[in-house]
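This report describes the salt bridges and the ligand site of the structure shown below.

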Amino acid sequence: MSLQIPDDLITTLAAAERVVVLTGAGISAESGVPTFREAQTGLWAQYDPRELATPQAFARNPRLVWEWYAWRRKLIQQAKPNLAHHALVDLEQALPTFLLVTQNIDGFHWLAGSRDMIELHGNIARTRCYEEGHVVSWWEETDELPPRCPHCGGPLRPDVVWFGEGISEQALRSAFDAAAACDLFISVGTSAMVQPAAGLPLLAKRMGARVLEINPAQTALSVIADWSLQDKASNLLPQLVRRLDFPTNAIDGAEQ
Ligand code: APR
């Protein structure tokens, strides 16, 4: 049975001038991409992030890290955006001011058609030089892993933000400015545990915005959210768009 969407939420969304959406791994779960912190299926239940997702791990064992990301990149390439990603494209097109901030590195929001967006943690499809930071789209394939930067010969790494690394100042400022100025903040599919992203809904709330959370599980954010809807994003977001009576890009029965 699908969850009822409260009428006052629909009224708030329809009247909202500025909306910010934060997404996390849960929005891509139904595309078949594993989340991080779920007890049985999350990546961090099976792998140690300190061995795979830190600059120290790369310095210790670059090949292991490169190969782990190559495995994840392949998983992502075999998957595609689901109805929740498409519903956010509809929201972006229908609302006067909209910003999507994602912690995901899978690129699915862009593939679905979202354009007003910030990828806080980078994008796994991009590669850059570990030494000098050049983003590179080509390199010579040899037996050596990771491959070498065609400019300086340094080892290549995924263009993602590892634990202990900083997020681009400009991306952070845009995300925090938008959160401070929005009238509705929507958090979708994130455990809301990783900073600085987890601070965005708290700032929005403090500055007077209403907060909607969409997540089948309770999180640290649930208690302060004005609406905490416990269901899958691919059920709720398309329902939300339908209730608003906006034009929609998603084709009925499209990929889940
Ligand atoms: N729809 C909505 N939410 C879902 C769904 C779904 N179908 N399935 C799972 N979830 C929720 C889970 O209940 C969980 O709260 O998605 C959340 C995923 O949480 P995490 O695994 O912690 O992922 P995330 O919040 O994106 O992690 C943040 O941590 O390891 C880092 O860099 C990584 O960007 C990541 C960051």
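## Asp-159 and its salt bridges

Asp-159 is buried, with a relative accessible area of 12%; buried means under 20% relative accessible area, exposed over 50%, and partly exposed in between (1.4 Å probe, protein chains only). Asp-159 forms a salt bridge with Arg-128, and the closest N and O atoms of the two are 2.6 Å apart. A salt bridge here is a side-chain nitrogen of Lys or Arg within 4 Å of a carboxyl oxygen of Asp or Glu. The pair connects distant parts of the chain, with Arg-128 in strand S4 (residues 122-129) and Asp-159 in strand S6 (residues 156-160), 31 residues apart. Helices (H or I, at least four residues) and strands (E, at least two) are DSSP runs, numbered from the N terminus. A network of salt bridges links Arg-126, Arg-128 and Asp-159.

## Basis of the model

The model is predicted: local features need pLDDT of at least 70 and side-chain atom pairs count only at pLDDT 80 or more, whereas totals for chains, interfaces and linings use all residues. Residues are numbered from 1 along each chain as its sequence is written, and side-chain values use heavy atoms, with hydrogens and water left out.

## Further salt bridges

The structure holds 11 salt bridges. In one of them, the side chains of Asp-7 and Arg-243 meet at 2.8 Å, N to O. This pair also links distant parts of the chain: Asp-7 belongs to helix H1 (residues 7-15) and Arg-243 to helix H11 (residues 233-244), 236 residues apart. Asp-7 is exposed, at 55% relative accessible area, while Arg-243 is partly exposed at 35%.

Arg-210 and Asp-226 form another salt bridge through their side chains (3.4 Å, N to O). Arg-210 lies in strand S8 (residues 210-214) and Asp-226 in the loop between S8 and strand S9 (227-229), 16 residues apart. Arg-210 counts as partly exposed at 32% relative accessibility, and Asp-226 counts as partly exposed at 29%.

## Ligand site

The ligand is surrounded by 22 residues, the closest being Glu-30, Phe-36, Thr-190, Ser-191 and Asn-215; a residue is near a molecule if one of its heavy atoms lies within 4 Å of it. The shell consists of 9 nonpolar, 9 polar and 4 charged residues. Ala, Val, Leu, Ile, Met, Phe, Trp, Tyr, Cys and Pro count as nonpolar, Asp, Glu, Lys and Arg as charged, and the others, Gly among them, as polar.

A side-chain N or O atom of Ser-191 is 2.5 Å from an oxygen atom of the ligand. For His-121, a polar side-chain atom lies 2.9 Å from a ligand oxygen atom. A backbone N or O atom of Ala-25 lies 2.8 Å from an oxygen atom of the ligand. The protein covers 93% of the 740 Å² of accessible area that the ligand has on its own, as computed by the Shrake-Rupley method with a 1.4 Å probe.

Notes
A polar contact is a pair of N or O atoms within 3.5 Å; within protein, one must be able to donate a hydrogen and the other to accept it, and residues adjacent in sequence count only if both atoms are side-chain atoms.
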